[in-house]
Amino acid sequence: MFGAWLQGAIRAGRVIACAALLTACASAIQNDPVNQRLAANPREVEAELATGVETNYDDMVVALSFSGGGMRAAAFSYGVLEGFDQTRVPTRTGAASLLDRLDFLSGVSGGSILAAYYGLRGRAAIADFRQRFLLVNAEESLQTDLSLGNIARGLNGGVNDTTKFPVWLDAHLYGQATFRDLLRRQRPRVWINAADIYDRTAFIFAPVTFSALCSDLGSYPVSLAVAASAAVPVVFAPIVVQNFHGTCPTPLPAWVARVHSDPNAPPLIKSYADALERYRSGAINYIKLLDGGLVDNYGLAGFTVARLAANTPFGPLAPQQAVKLRRLLFLVVDSGRAPSGQWAQTVPGPKGVDLIMATSDTATESGAIGSYSAFDATMSDWRKTLVSWRCGLSEADRHRFGAPPGWNCRDLDFFISKISFDALGPDRAAALNRVETRFQLPPDQIDMLITAGRDALNANPKFRGFLTSLGRTPPPAPPAAPVATSGEGAQHALAE
């Protein structure tokens, strides 16, 4: 037995030695930071990027968050947007598409591709996203084959660097757009989420994050943020952001210090505030970003931080919005993978790729469950806080904040839920789960996912309850029929 073990160790040593030689010869990774130092007059930058939240200023707030999952996630989420567009809701000026009422939009990995595109183009994105992204080969610029050269590049930091996917995204979707273009649109407010792998926390592409780095978010390319959000480890090299500490003309927001020094602060906002403090102190020179799903595959950090950072009972809304609010809808579109593989039926396994995938899936799913639980609790607490604040307003404050005649301070309902494949029945969910999480899929699978997104939305009880509360009749619940799928095969790690 010892002899066999020794021979195995020798063979492993040879493999490691060869890998080390390949790594030494691998070409340099092209991921130099491109973010720029913050402008001399930050007030002008803040005014231009309008960091405040603007909604429709009536009694409804609507938000969506798109999970990771490659093109599969983008197609499923696109189906949900189509379902929003087909849903009519009452407004002050008559019935309107629910899509036009979208106030907040967040995305991770594959979901961030659609979130950014919709944020830049609005409803025009619905007309051409299928043709411009879902039906094309987004892997054409990537190195995906299992060659010795790619193994060497993977060991050297990542197979694909910034000369690959970000360039493709700009050519096909974003056209060199920056966050100045994205944030200039007042609605919806869009968050792109990556993972800071040193601080082990969410990296939200938001003004407060870049302000902590003394850097200008407005000039940062949207394509690089999306590429960071989708950068699966090893398959992609980390996106690097430079810290210009020591050059900031303004202090961090007061809430950062408050949370940083509070040992009882919720873990999500505590880790985020701690990271911002480290950025500003200069403890970190370069932030390395990978797939946002590593820490928050549902993309809930942006809204959760915005709420927990608020030092008012109504934040992140303005008091005028919080007084008028009657219905809040927040749906998480979950395209994550269900358990798969046969190794759970035997003593051996998992091995090789199955072991790597199982480990990655476990970390991603457990993090997503934790972020959703924290978000759900945060929203529940916020509703109670809002009701207490509203009912405690004086008559003068109610008038000042625009409370309408016959206003009921307790008339406030939150509809928070996840939309997933499971809503469509076991057979249909199984067929959808067999679709690979990569950046190229057959057209029939794309259309299957889009239809599934619309159907899962219409089947969601919280969504149907939201429509009923508005006096609208929910659409007929879709059948949970099995759906055939082509191209079944092993799960692909490229676009986790």
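This dialogue reads selected features of a predicted model.

Visitor: How many disulfides does the model contain?

Guide: A disulfide is a covalent bond between the sulfur atoms of two cysteines. In this predicted model the count comes to two disulfides. With the bonded cysteines of the protein chain numbered in sequence order, the pairing reads 1-2, 3-4.

Visitor: What is the geometry of the link between cysteine 214 and cysteine 248?

Guide: The sulfur atoms of cysteine 214 and cysteine 248 are 1.5 Å apart. The torsion about their S-S bond is about -95°, so this disulfide is left-handed. Cysteine 214 sits in the loop between helix H9 (207–212) and strand E8 (215–216), and cysteine 248 in the loop between strand E9 (239–242) and helix H11 (254–260), so the pair ties together parts that are 34 residues apart in sequence.

Visitor: Is cysteine 214 buried or exposed?

Guide: Cysteine 214 is buried, because its relative accessible area is 0%, under the cut-off of 20%. The backbone of cysteine 214 also deserves attention: its phi is near 55°, a positive value in a residue other than glycine.

Visitor: Which handedness does the link of cysteine 391 and cysteine 409 have?

Guide: The link of cysteine 391 and cysteine 409 is right-handed, with 90° about the S-S bond. The sulfur atoms of cysteine 391 and cysteine 409 lie 2.0 Å apart. Cysteine 391 belongs to helix H16 (residues 352–391), while cysteine 409 is in the loop between helix H17 (395–400) and strand E12 (413–419); the pair therefore ties together parts that are 18 residues apart in sequence. As for accessibility, cysteine 391 counts as partly exposed at 31%, whereas cysteine 409 is buried at 17%.

Visitor: Where is there a cis peptide bond, and what is its omega?

Guide: The bond joining glycine 315 and proline 316 is cis, with omega about 15°. Proline 316 is placed in the loop between helix H14 (301–309) and helix H15 (319–324).

Visitor: What is the phi of glutamine 176?

Guide: The phi of glutamine 176 is near 65°, which is positive in a residue other than glycine. Glutamine 176 lies in the loop between helix H7 (165–174) and helix H8 (179–184). Glutamine 176 is exposed, with a relative accessible area of 58%.

Visitor: How many residues does the largest nonpolar core have?

Guide: In soluble globular proteins, nonpolar side chains tend to be buried together. Here the largest nonpolar core has 136 residues, and Phe84, Phe133 and Phe205 have the most contacts inside it. Helix H3 (residues 70–85) provides the largest share of this core, eight residues. With residues up to four places away in sequence left out, phenylalanine 133 touches Met71, Ala74, Ile113, Ala138, Trp168, Leu173 and Phe439.

Visitor: How many bridges join strand E6 to strand E10, and do they run parallel or antiparallel?

Guide: Strand E6 (residues 189–196) and strand E10 (residues 286–291) run antiparallel and are joined by three bridges. Alanine 194 stands opposite aspartate 291 in E10. Strands E9 and E10 also run antiparallel, joined by four bridges. In that pairing, valine 240 stands opposite lysine 288 in E10.

Visitor: Which residues of helix H20 are buried?

Guide: Phe463, Phe466 and Leu467 are buried in helix H20 (residues 461–469). These residues cover an arc of only 95° around the axis, so they are on the same side of H20. Among the elements covering the buried residues of H20 are strand E2 (60–66), H3, strand E11 (327–333) and helix H19 (443–459).

Visitor: What is found at the start of H20, and what follows H20?

Guide: At the start of H20, a side-chain oxygen of asparagine 460 comes within 3.1 Å of the backbone nitrogen of lysine 462. Glycine 471 follows H20 and has a positive phi, near 80°.

Visitor: What does the side chain of threonine 378 reach?

Guide: The side chain of threonine 378 reaches the backbone oxygen of alanine 374 at 2.8 Å. Threonine 378 is placed in helix H16 and is buried, with a relative accessible area of 12%. With residues up to four places away in sequence set aside, threonine 378 touches Thr304, Arg307 and Leu308.

Terms used: Residues are numbered from 1 along each chain as its sequence is written. This is a predicted model: local features need pLDDT of at least 70, side-chain atom pairs count only at pLDDT 80 or more; totals for chains, interfaces and linings use all residues. Side-chain values use heavy atoms; hydrogens and water are left out. A disulfide is a pair of cysteine sulfur atoms within 2.5 Å. Helices (H or I, at least four residues) and strands (E, at least two) are DSSP runs, numbered from the N terminus. Buried means under 20% relative accessible area, exposed over 50%, partly exposed in between (1.4 Å probe, protein chains only). A nonpolar core is a set of buried Ala, Val, Leu, Ile, Met, Phe, Trp, Tyr and Cys residues joined through side-chain atoms within 4.5 Å. Contact means heavy atoms within 4.5 Å. Two strands pair if DSSP finds at least two bridges between them. The arc is that of the directions from the helix axis to the C-beta atoms. A polar contact is a pair of N or O atoms within 3.5 Å; within protein, one must be able to donate a hydrogen and the other to accept it, and residues adjacent in sequence count only if both atoms are side-chain atoms.
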